[in-house]
Amino acid sequence: MNLVQPGSFLTLHYRLTGPDGQDVINTFNDKPATLSLGTGELAPAIEARLIGLAEGSRTVLELGPGEAFGDRNPEMMQRVKLSLMRELGDPSEVYQVGDVVQFPTPDGQGQYAGVVREVGADWLLFDFNHPLAGQPVSFEVQLIGVL
């Protein structure tokens, strides 16, 4: 029987739920996921909990507030001038609280998201924390294959 080890290649079904019990992601009704441990595809705390589990097992991992996605960081709340948003994006865009806006990384090779938390007269307050930062989560996993 194969056990999960650091660097293992996994085929699995999983479901991640937030503190409200709602699915954030769920592969159980679709194709299983494949991933390699240690490549950043899963939060390190989740990967650590998978180590030692046997191929074929199914379990639910409960992670405490901030354990999976870190604590909320107040420095990740940033005001951005509307003039800059219009210069870099759609000048006619109207932003509302709850909107998710994609920003390019400084090197232009990727993107990150910010959630509009407040709308001022000439600025927007963005929250760049992970949406589940500081929250407890549940991670249900069924290990189909371990290599």
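Which residues line the second largest pocket? In this predicted model, the lining is made up of Y14, L16, V24, I25, E41, L42, A43, I46, F69, H130 and F139.

- The space in the second largest pocket comes to about 150 Å³.
- Two strands, β1 (9–17) and β2 (23–26), each give at least two residues to the lining of the second largest pocket.
- Sorted by class, this lining holds nine nonpolar residues, one polar and one charged.

**The largest pocket**
- For the largest pocket, the volume is about 210 Å³.
- Its lining consists of V80, L84, M85, L88, G89, D90, Y95, V101, Q102, F103, P104 and Y112.
- Both α2 (82–88) and β6 (100–104) contribute at least two residues each to the lining of the largest pocket.
- β6 provides the largest share of that lining, with four residues.
- Nonpolar residues number nine in the lining of the largest pocket, alongside two polar and one charged.

**A look at T17**
- T17 sits in strand β1, and β1 is also one of the elements that supply the lining of the second largest pocket.
- Is T17 buried or exposed? T17 counts as buried because its relative accessibility is 10%, and the cut-off for buried is under 20%.
- Leaving aside residues up to four places away in sequence, T17 is in contact with Q22, D23, V24, V137 and S138.

Terms used. Residues are numbered from 1 along each chain as its sequence is written. This is a predicted model: local features need pLDDT of at least 70, side-chain atom pairs count only at pLDDT 80 or more; totals for chains, interfaces and linings use all residues. Side-chain values use heavy atoms; hydrogens and water are left out. On a 1 Å grid over the protein atoms alone, a cavity is a set of points where a 1.4 Å probe fits but cannot get out, and a pocket is an open set with protein on both sides within 12 Å along at least five of seven lines; lining residues have an atom within 4 Å of a point. Grid points are joined across faces, edges and corners, and a volume is the space filled by probe spheres set on the points. Ala, Val, Leu, Ile, Met, Phe, Trp, Tyr, Cys and Pro count as nonpolar, Asp, Glu, Lys and Arg as charged, and the others, Gly among them, as polar. Buried means under 20% relative accessible area, exposed over 50%, partly exposed in between (1.4 Å probe, protein chains only). Contact means heavy atoms within 4.5 Å.
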